[in-house]
Each structure stands twice: as structure tokens, then as C-alpha cells.
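Please keep the sequence and the model at hand while reading.

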Protein chains: 2
Amino acid sequence: MEVAVIGVGITRFGEFWEKSYRELITHAGVNAIKDAKIEGDEVQSLYVGSMTPGVFIQQEHIGALVADNVGLSGIPATRVEAACASGGLALRQAYLAIKSGTADVVVAGGVEKMTDVSTEHATVALAGAGDQEWEAFHGATFPALYALMARRHMIEYGTKEEDLAQVAVKNHSNGTLNPNAQFQKAFTLEQVMNSTPVADPLKLLDCSPITDGAAAVILASKEKAKKLCENPVWITASSQATDTLALHDRKSLSQTRASTIAAKNAYESAKLGPNKIDFAEVHDCFTIAELMAIESLGFCELGKSGKFTQDGETSLKGSKPVNTSGGLKAKGHPVGATGIAQAVEATLQLRGEAGKRQVEGAHTGLTHNVGGSGATSVIHIFQKEVD
Amino acid sequence: MEVAVIGVGITRFGEFWEKSYRELITHAGVNAIKDAKIEGDEVQSLYVGSMTPGVFIQQEHIGALVADNVGLSGIPATRVEAACASGGLALRQAYLAIKSGTADVVVAGGVEKMTDVSTEHATVALAGAGDQEWEAFHGATFPALYALMARRHMIEYGTKEEDLAQVAVKNHSNGTLNPNAQFQKAFTLEQVMNSTPVADPLKLLDCSPITDGAAAVILASKEKAKKLCENPVWITASSQATDTLALHDRKSLSQTRASTIAAKNAYESAKLGPNKIDFAEVHDCFTIAELMAIESLGFCELGKSGKFTQDGETSLKGSKPVNTSGGLKAKGHPVGATGIAQAVEATLQLRGEAGKRQVEGAHTGLTHNVGGSGATSVIHIFQKEVD
């Protein structure tokens with residue numbers, strides 16, 4: 001219990017042609033500072049996750065840009081990138097900065113502006129999260145890579161397309177309860193199953209959308225949090241691991257090694273097991289990704305994630321609510337912002353401020369943020385103040 | 001003295017159409033591990049600085065890519081970006097990771113592959129280091145931004161074009177002594193003065209080149225360094241600061257505020273002043289940048305950098321040798337690699353392994369890495385083992 005979240009801010013996620021990249025992150029950052037009830041000059045350092053602003057909006061040097069726009073120019077400001085896990089890494093670097101003793105109040109933000117370019121352009125940009133030379137160059141875009149993993153999971157474990165579809169049904173149901181979600185609309189299993197094929201067996205409603213959005217959290221050292229904040233949420237584990245960049249180099253296509261390593265390390269750090277996790281935000285960039293995630297995290301046995309989902313265990317009223325925010329699937333997936341948005345949801349749940357999607361009695365939550373087809377995984381465990 | 005450099009690796013800098021991005025960083029990384037005389041599995045975490053690989057080679061997710069190619073897949077791997085200060089930030093994050101107590105052997109690398117695209121494309125990519133909306137969009141590329149600063153310095157302090165040119169003469173002279181430098185050719189003051197105008201008052205030979213290259217250093221905690229290494233070089237200060245992204249928001253065009261803040265903090269951390277610095281690698285992306293740097297660093301009085309340079313104080317045999325490696329000007333400037341290459345030079349100098357460009361009796365060195373037109377500045381101080 002050395003690092004706490006003392007404030008959170010988030011934009012609505014969606015397609016915002018009238019808002020710029022810098023407006024989005026400024027909105028989230030300023031709101032996080034307000035939520036923490038601190039002055040900007042108490043912030044000593046800033047990290048921001050963003051995947052590919054150079055391609056989306058021809059802008060790099062994102063740390064300085066954000067510090068400047070949020071009114072914090074002068075302090076150290078660092079952008080980190082690990083494709084769709086960029087936000088999770090920003091959170092982790094902010095956590096490490098506090099642990100290093102060099103700062104005691106740090107902002108971690110995440111942002112992406114994806115809808116100013118064509119869908120084709122965005123698809124090419126996102127393909128840079130995989131292996132450009134061995135995957136993207138040959139036409140393997142992200143739906144194709146995850147379709148390979150889904151097919152392998154089906155072959156090895158008998159997972160059905162309906163199991164995948166049920167993830168979408170659940171997450172869209174949760175999304176209707178989140179006023180910041182990109183899609184606040186429920187779908188039936190039949191609607192998901194009948195949606196347009198994208199990369200067999202994945203259909204349109206198995207895929208997360210292209211999204212604009214930003215999120216920010218304020219972290220503080222124990223001493224500072226005790227002084228500044230009445231309802232700190234403690235980060236009791238921060239872990240990160242990698243796997244090979246390209247799918248073809250992996251021993252298994254149906255398991256994500258980086259997440260398995262990161263989960264093991266996170267549980268050891270927090271001194272608890274998956275049975276103690278009351279809810280989780282996991283990286284459901286495609287429905288199959290959520291199934292693989294809950295297996296890596298030990299929420300169910302390997303190969304049993306389909307049944308676990310169909311049985312309603314991961315639904316809002318189930319034994320292990322997953323993606324209460326609507327997940328990437330319904331809340332939206334502004335890639336650099338996603339890892340931070342997960343931390344915002346965990347904080348709101350633990351403060352009891354998650355409104356209609358509140359998990360009753362939640363004490364411990366987990367966030368799981370993945371880059372590419374699984375080459376980066378970042379896991380954080382959040383716990384409520386214990387008296 | 002909590003963090004040490006225990007190994008360094010670098011590629012030659014230049015235009016390498018036959019070498020890929022991943023080959024360059026793998027070469028540097030593997031050589032740093034060899035130089036440290038450790039096994040790869042002793043490395044616990046990896047940071048890599050790269051400015052804009054998404055634009056240059058359509059590849060993001062650089063941390064995982066590098067870990068994978070260097071044979072370290074599994075460990076946490078994080079890319080950081082702050083335009084041309086990306087390498088310096090990678091070094092700083094690696095330093096903070098060790099200070100946080102979460103790792104005791106960490107690699108910091110930097111890489112850029114800039115020559116696979118046209119010069120026009122590269123100019124647009126680099127413009128993302130400034131303010132896209134307020135500078136680049138209106139045609140203000142980097143030579144133009146630094147030309148504005150040079151002109152202002154000339155107006156305020158009477159600095160002459162010959163003073164700028166002398167920086168190039170000195171750095172190219174040093175470059176002839178560095179077998180890894182892109183340009184190993186001396187120029188006379190007359191040649192620099194007569195080179196093609198780029199953005200008045202800057203001429204072709206006032207500008208650093210477009211370069212491919214990579215560099216890596218291995219950092220270790222005090223305890224680990226004492227065990228693993230016979231000739232550790234200690235990092236006694238790591239500091240970072242920001243300024244506004246766009247030039248028009250600054251109070252002064254002839255001074256770089258981020259560097260002034262970072263220098264002050266670095267000297268405080270290391271408990272020494274500029275008079276104790278035996279040599280420095282500073283960010284001479286343009287000749288005017290070196291002049292502004294040595295003023296920010298307190299090597300000479302404000303406005304006196306031209307005379308200080310003309311008097312030979314910053315030359316290899318002067319009182320304060322600057323850019324013994326040849327600097328960005330002659331060694332080359334693969335933007336993401338530059339900050340790490342500076343650390344490699346500092347380490348070689350302090351180990352007494354800098355060959356013909358060795359600064360005799362060097363005990364303390366400083367590196368100064370800047371992003372954009374000065375919105376990010378990262379400074380590190382390195383010191384030789386003291387018995």
C-alpha cells in the first residue's frame with residue numbers, strides 16, 4: 001500500500017470530429033486534478049500513453065504537449081507506448097516514479113484520436129501493433145490475428161461461436177449502464193451471431209470499435225494520499241510482461257503467455273489469488289481476447305472460459321463480474337486511453353461510485369491491458385482502503 | 001551512487017539501407033550485454049527510446065519488438081517517446097526502475113531508422129516534434145524553428161554566424177576521431193560559412209543529418225554493479241523538465257527554459273556545479289542549439305557562448321570539451337538513439353576508452369538531450385568510480 005489513486009477523469013468515448021486530441025486529454029487531465037481536489041502545482045510528474053499519434057494526427061512529443069495543454073509545463077512529462085497497452089504502461093511508469101521516491105504526486109493519462117483518418121488508414125496504423133515485417137506486410141490485420149487465436153481455442157477446447165458472442169452480449173449490456181460508453185445499446189445473442197463476418201469466426205459484433213477518447217488518474221505516495229485524500233484506492237500490484245511480437249513464434253495460440261506471467265507476478269505482489277478479485281476490467285479488443293484473459297487470470301480453468309461466460313459468472317450479477325464498464329467492446333477502445341480508462345472504472349467501483357453498474361461490496365479489483373496480439377500485458381490490482 | 005552503467009553497445013551511425021530497424025537495435029543491445037559480461041537472463045526490464053517508427057517504418061509496439069529480437073521476451077519492455085529526447089527518457093526511466101527497487105539490472109536502448117523514407121517524408125515526420133497545429137501545419141519545419149532562435153540570439157547577444165559555424169568546425173573535427181560517426185570529415189570555417197543556406201541564418205553545415213543507428217546501455221543497482229562490474233560508471237543525477245511545445249508561447253526564444261530547470265535539478269542532485277563537469281555531450285541538432293545548451297548548463301555566461309566557442313574552450317583540448325563524440329552534427333542524429341549514444345560516449349570517456357578523443361583525467365561528465373525545439377530536456381551526470 002505505497003501508491004494510491006486519489007483522482008480520476010475521463011471523457012465520453014466515441015467519434016468526436018469536433019474535438020481535438022489535445023482537447024480530449026486536457027479534459028480528462030483537468031477533471032482528474034479537480035476530482036483529486038488538488039492544485040495543478042502539486043503535480044510533480046506526468047506520464048501519458050498513446051499508441052500512434054504520429055500516424056493518426058502527425059503529432060509526436062506527446063508528454064510535452066499534454067503538460068503544456070494541461071497547464072503543467074515545466075514538470076517531467078513522458079509518453080510511453082506499447083500499442084493498445086500504452087495506457088497501462090503509463091499507469092505503471094507513474095507507479096514506479098512514486099516508488100522510486102523521486103515524486104509523490106504523478107498524473108498518468110492515456111489518449112487516442114482515431115477517427116480523423118479513414119478506417120483503412122486506421123487499420124494500417126493499428127497493424128503496427130503486430131509484427132510489420134512478418135504479419136502486417138502480408139496483410140494480417142488485427143481481426144485476422146485474433147481470428148487465428150479464436151479458431152485455435154475452438155479446436156483445442158471446443159469453444160463455440162456462441163461463447164464468443166455471449167461476451168459481446170454481456171459487455172454491451174454493461175455498456176448501457178455507462179454514460180461514458182461509446183455504445184449504450186444492448187444486443188441479443190442472435191444479433192451478434194448474425195452480424196457481418198469480419199475474419200471468420202469473428203463477426204462485426206465480436207470486434208471493439210475505433211474510438212476517440214482520453215482518461216487520466218492522479219497517483220500519490222502513501223504519505224501524500226493520507227494527507228490529500230479521503231477515499232484513496234490503493235494499487236497493491238503493478239506487473240508487466242512480454243511475449244513474442246509475432247503469433248508464429250509462440251508455443252500456443254490459445255493462451256497468452258505475457259498475461260500468464262503478469263498475472264502470476266501481480267498475485268504474488270498483492271499477496272492474494274484470483275478468488276479474491278471482486279471484479280475485473282480485461283482487454284476485450286475482440287470477444288476471444290476476453291475469454292483468453294479470464295483463463296490467464298485464473299478466473300476459470302483453461303479452456304472453460306466459454307462455459308464460465310455462458311453460465312453468467314462474468315456478468316454484472318455473477319460471481320466474477322468482468323468489464324462492468326462495457327469493456328473495450330461497448331465502452332470503446334481509444335487505444336492509448338484504454339489502460340487508464342480501466343483504472344478509472346476500478347477506482348469508481350472501489351469508491352462505490354459506479355452508479356447502475358456498481359458491484360456491491362467490491363473490495364478488490366483487477367485491470368488487464370494488452371498490447372497487440374498479446375506481446376505486452378500489464379496488470380494492476382486495486383484495493384479499497386481498509387481500516 | 002545508486003545506479004551504475006555496467007555495459008554499453010552502439011552501432012555505427014549512418015545511412016544503412018541494408019540494415020533494418022530491428023537489426024540495428026539488436027546489434028546495440030547484444031553488444032551492451034556482452035560488454036557488461038552478463039547473461040541475457042540477468043536483465044529484468046527494458047526501456048527503449050524511439051521517436052516515430054510508426055511513420056518511418058510502420059511499426060509500433062517497440063518495447064516488445066526489441067525484447068523479442070534481443071532474446072529477452074518475457075520481461076517488461078517499454079518504449080518511451082519525447083521526440084529527439086526519447087533516448088534520454090529511456091535512460092531516465094531505466095534509472096527510475098532501479099531506484100524503485102523493482103529491478104536491479106535494466107537495459108536502456110534507443111533506435112531510429114530514418115533513411116528508408118524520402119527526405120521530404122522525414123522532414124514531415126520530424127515536424128511532429130514541434131506543435132503540429134500551430135507550427136508544422138503552417139510550414140515551420142525544424143530548421144525554421146531553430147533559425148528563429150538563432151536570429152533572436154544574434155539580436156540579443158551579438159552572436160555571429162561565424163560563432164555558429166565554429167560549433168560545426170569543432171564537432172566535425174571531433175567526429176574524425178570517432179569511428180562510429182556518420183561523418184568523419186573535417187570542415188573549415190569558410191566551408192561551413194559557404195555551405196548552402198537552409199533557413200537563414202542556418203546553413204547546411206549548421207544542421208545535423210538524418211541518420212540510422214542504435215545504442216544501448218546496461219544499468220545496475222549499486223549492489224549488483226559492485227558484484228558484476230569492475231569499472232562501473234555512476235549516474236549521480238537524472239533530471240527532466242518541459243517547456244511549452246510551441247515557440248510562440250515562450251517568454252524567451254534565446255534561452256531554453258526546460259534545460260535551465262533540468263540543469264539546476266541535476267546539479268543539486270549530484271551536489272556539484274558546472275565547474276566540476278569535465279566534458280559534456282550536448283544536443284547540437286543545429287549549431288545554435290549547442291550555443292544555447294552551454295549557456296543553460298552554466299558553462300559560460302548567458303550570451304557569451306559564441307565567444308566561449310571561438311576561444312576554443314569547448315574544443316577537445318579546451319577547458320570544457322563539448323561533444324567529443326562529434327555530437328549530433330558529425331556523429332549523426334538517429335533521433336531515438338541520440339540520448340543513449342550520449343550516455344555511451346560519457347561511459348567510454350570515464351572508463352578511459354575513448355581512444356583518440358579521450359579527455360585526459362575525466363572524472364565527471366554530463367549529457368544533455370533535447371526534444372523538439374526545447375520542450376523536453378533530459379540531463380544526466382555520470383561519475384567515475386571513486387575509491
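In this predicted model, a lysine side chain is placed over an aromatic ring in chain A, where Lys19(A) lies over the face of Phe16(A), and in chain B, where Lys19(B) lies over the face of Phe16(B). The distances to the ring centres are set out below.

| Charged residue | Ring | Distance to ring centre |
|---|---|---|
| Lys19(A) | Phe16(A) | 4.8 Å |
| Lys19(B) | Phe16(B) | 4.8 Å |

Phe142(B) counts as buried because its relative accessibility is 12%, and Tyr146(B) counts as buried because its relative accessibility is 3%. In chain A, ring pairs link Phe142(A), Tyr146(A) and Phe286(A) into a cluster.

The contact between the chains draws on 57 residues from chain A and 57 residues from chain B, and the area buried between them is about 4200 Å², with 46% of it given by carbon and sulfur atoms. Across this interface there are 6 salt bridges, and 36 residue pairs are in polar contact, both residues being at pLDDT 80 or more. Among the elements of chain A that give two or more residues to the side touching chain B are helix H4 (86-99), strand S8 (233-242) and helix H10 (257-270). A salt bridge also joins the side chains of Asp131(B) and Arg22(A), at 2.9 Å from N to O.

Key
Residues numbered from 1 in each chain as written. Chains lettered and ligands numbered in written order. Predicted model: local features only at pLDDT ≥ 70, side-chain atom pairs only at ≥ 80, totals over all residues. Heavy atoms only, no water. Buried < 20%, exposed > 50% of the residue type's maximum accessible area, 1.4 Å probe, protein only. Phe/Tyr/Trp six-rings, centres within 6.5 Å; stacked < 30°, edge-to-face > 60°. Lys NZ or Arg CZ within 6 Å of the ring centre and 35° of its normal. Contact = heavy atoms within 4.5 Å. Buried area = accessible area lost by both parts, 1.4 Å probe. Salt bridge = Lys/Arg side-chain N within 4 Å of Asp/Glu carboxyl O. Polar contact = N/O pair within 3.5 Å; in protein donor to acceptor, adjacent residues only side chain to side chain. Helix = DSSP H or I, 4+ residues; strand = E, 2+ residues; numbered from the N terminus.
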